[in-house]
Amino acid sequence: MARSGASRLRGGLGIAALCYVCIDYLRRVSPSWHATLQPKLWLVLALAAICRAPFYPHWSTELRSVLPFLGSLLFMLVALALEATSVHFVTALLGLDWHRTALPLPDTGQWLFLALNEKLPTVVVQVLRAPLIGLHHYLMLFLMLAFSVLFDCVKAPGLGLGARYMFTMAVGRLLRVITFLSTILPSARPWCASARFEIPNHPHPWLQKYYVPYASDLNMIRQLLREDMSNAPIGDYPAEIIPEWGRMKFLVNILRPSSAALSGDGTSWFSTLKRTGGGCNDLIYSGHMLVAVLTAMAWTEAYPGWTSAGIWFLVLHSTQREIRERHHYSVDCIVAIYVGILLWRTINLFWSAKDQSKTFRLEQLAQIEGRLVQAAKDADLEKVREMLYELNNPVQGQNPTKRALWGFAAVVIIFSLGIGLLAFTLTADG
């Protein structure tokens with residue numbers, strides 16, 4: 001009976017994920033139904049997690065994953081801050097004039113989807129164009145997966161799974177920063193920078209010397225190749241604006257605020273950086289697709305089956321939409337898919353928490369082996385159950401009290417739900 005109940009709970013995770021995606025899509029089809037059903041769905045899921053938490057048997061295991069979880073969270077936040085600064089930098093570096101005139105790169109993926117629009121049935125084309133899923137959906141799907149440890153849908157600890165997800169995300173973001181800083185590519189949406197950024201029209205002084213003279217003059221390029229020195233005359237450009245940013249003054253050279261950015265509430269460096277959004281260069285590889293692939297990999301590993309296959313279908317749907325809507329070139333999405341898969345697999349090989357847990361449990365088993373054998377000989381089943389429970393729920397050092405575990409459980413539930421709400425709010429616009 002217990003196994004049957006666990007099986008029903010496992011199947012319920014896939015149904016809950018499907019309901020979440022479908023109900024959230026109602027905002028496009030029927031906003032009134034969406035406004036009615038979505039709060040109720042979130043309330044049901046939150047109450048289910050809260051009601052199940054007191055009966056979750058692995059809180060002591062979760063306790064051992066707190067430090068890796070917090071460390072991974074801090075690492076990810078640092079990586080995201082560095083990424084946001086770098087995104088603004090590659091756009092501000094060239095100035096708005098370059099962004100207005102730079103032509104998009106030729107993309108065979110875009111041509112393919114335009115051709116398919118003429119060949120495929122109208123219904124199929126409408127499905128391909130439909131915004132079925134966005135960035136916040138993938139984040140919420142992972143949060144649902146991590147919370148499902150409460151119902152034994154995936155193997156504990158949930159905090160360990162979350163730590164690995166955030167650590168992999170941070171590594172992927174840092175690799176992305178290195179990639180798009182290496183070569184600056186024009187956006188597939190040439191109007192983007194003018195609409196979203198308040199930066200000077202002219203290029204950075206560094207580029208005035210090392211890029212502009214050689215951007216279009218073939219003779220200057222030949223001279224550069226012969227001499228391997230930049231000796232070209234520098235044109236006449238306006239002076240750079242230097243606001244009073246105090247200790248953050250070093251960011252002036254990176255963010256390059258314009259005079260318009262210095263009026264009103266735009267005097268803060270944070271206000272300037274906050275306008276970055278997703279950037280307006282082609283940022284290879286796609287950060288949205290990296291999130292989608294890591295979510296799909298986590299589901300595939302922790303909860304294989306039809307739900308994971310469905311999430312991979314949504315990943316492919318998101319891929320063609322990113323290309324179709326010119327948020328990214330085809331190469332950005334393709335690279336993001338195989339980078340995400342390889343990163344998840346590679347970091348799994350070096351994720352020490354899993355091996356440490358196994359080693360610790362083997363040590364614990366060696367310590368109680370004699371008592372366990374004796375209890376089995378004495379047919380003392382209660383003693384055997386007690387020792388096996390201690391083995392499956394070990395805590396290094398002093399065992400926490402029941403009150404401490406309950407307090408820890410409350411903090412984890414509130415903190416995780418808070419993160420989920422914050423992520424949903426900040427990424428709901430894509």
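## Overall picture

The model is predicted. The chain has 430 residues, and 42% of them count as buried. Its secondary structure comes to 20 helices and 0 strands.

How much of the contact pattern joins residues at least 24 apart? Among contacts between residues at least 6 apart in sequence, the share is 80%. The chain exposes about 23,700 Å². Carbon and sulfur atoms supply 66% of that area.

## Salt bridges

The structure holds 8 salt bridges.

| Pair | Distance (N to O) |
|---|---|
| Arg173 and Glu83 | 2.9 Å |
| Glu83 and Arg176 | 2.5 Å |
| Glu240 and Arg256 | 2.8 Å |

Start with Arg173 and Glu83, whose side chains meet in a salt bridge. Arg173 lies in helix α9, residues 158-182, and Glu83 lies in helix α4, residues 66-94. The pair therefore ties together parts that are 90 residues apart in sequence.

Are these two partners buried or exposed? Arg173 is buried, with a relative accessible area of 11%. Glu83 is buried too, at 7%. A residue counts as buried when its relative accessible area is under 20%.

Glu83 has another partner, Arg176, and their side chains also meet in a salt bridge. This pair links distant parts of the chain. Glu83 is in helix α4 and Arg176 is in helix α9, 93 residues apart. Arg176 is buried, with a relative accessible area of 5%.

Which residues do shared partners join into one network? They are Glu83, Arg173 and Arg176.

The bridge between Glu240 and Arg256 is set in loops. Glu240 is in the loop between α12 (218-227) and α13 (252-255). Arg256 is in the loop between α13 and α14 (269-274). The two residues are 16 apart, and the pair links distant parts of the chain.

## The cavity

The structure holds 1 cavity of 30 Å³ or more. About 30 Å³ of space lies in the largest cavity.

Which residues line the largest cavity? The lining consists of Trp98, His99, Ala102, Pro186, Ser187, Arg189, Pro190 and Cys280. By class, the lining has 5 nonpolar, 2 polar and 1 charged residues. Arg189 is part of the lining, and Arg counts as charged. His99 and Ser187 are also in the lining.

Most residues other than glycine have a negative phi, and most peptide bonds are trans. Several places in this chain depart from that pattern.

Two cis peptide bonds come up here. One runs from Ala156 to Pro157, with omega near 5°. Pro157 lies in the loop between α8 (135-147) and α9. The other cis bond joins Ile284 and Tyr285, where omega is about 5°. Tyr285 is found in the loop between α14 and α15 (287-302).

Two aspartates have a positive phi. Asp152 has a phi of about 60° although it is not a glycine. Asp152 sits in the loop between α8 and α9. Pro157 is in the loop between α8 and α9 as well. Asp152 is partly exposed, with a relative accessible area of 36%.

Asp228 is the other case, with a positive phi of about 55° although it is not a glycine. Where does Asp228 lie? Its place is the loop between α12 and α13. Glu240 belongs to the loop between α12 and α13 too. Is Asp228 buried or exposed? At 64% relative accessibility, Asp228 counts as exposed, because exposed means over 50%.

## In brief

The chain has 20 helices and 0 strands. Buried Glu83 forms a salt bridge with Arg173 and another with Arg176.

Definitions and conventions: Residues are numbered from 1 along each chain as its sequence is written. This is a predicted model: local features need pLDDT of at least 70, side-chain atom pairs count only at pLDDT 80 or more; totals for chains, interfaces and linings use all residues. Side-chain values use heavy atoms; hydrogens and water are left out. On a 1 Å grid over the protein atoms alone, a cavity is a set of points where a 1.4 Å probe fits but cannot get out, and a pocket is an open set with protein on both sides within 12 Å along at least five of seven lines; lining residues have an atom within 4 Å of a point. Grid points are joined across faces, edges and corners, and a volume is the space filled by probe spheres set on the points. A salt bridge is a side-chain nitrogen of Lys or Arg within 4 Å of a carboxyl oxygen of Asp or Glu. Helices (H or I, at least four residues) and strands (E, at least two) are DSSP runs, numbered from the N terminus. Buried means under 20% relative accessible area, exposed over 50%, partly exposed in between (1.4 Å probe, protein chains only). Contact means heavy atoms within 4.5 Å. Accessible areas come from the Shrake-Rupley method with a 1.4 Å probe; for residues, only the protein chains shown count as cover.
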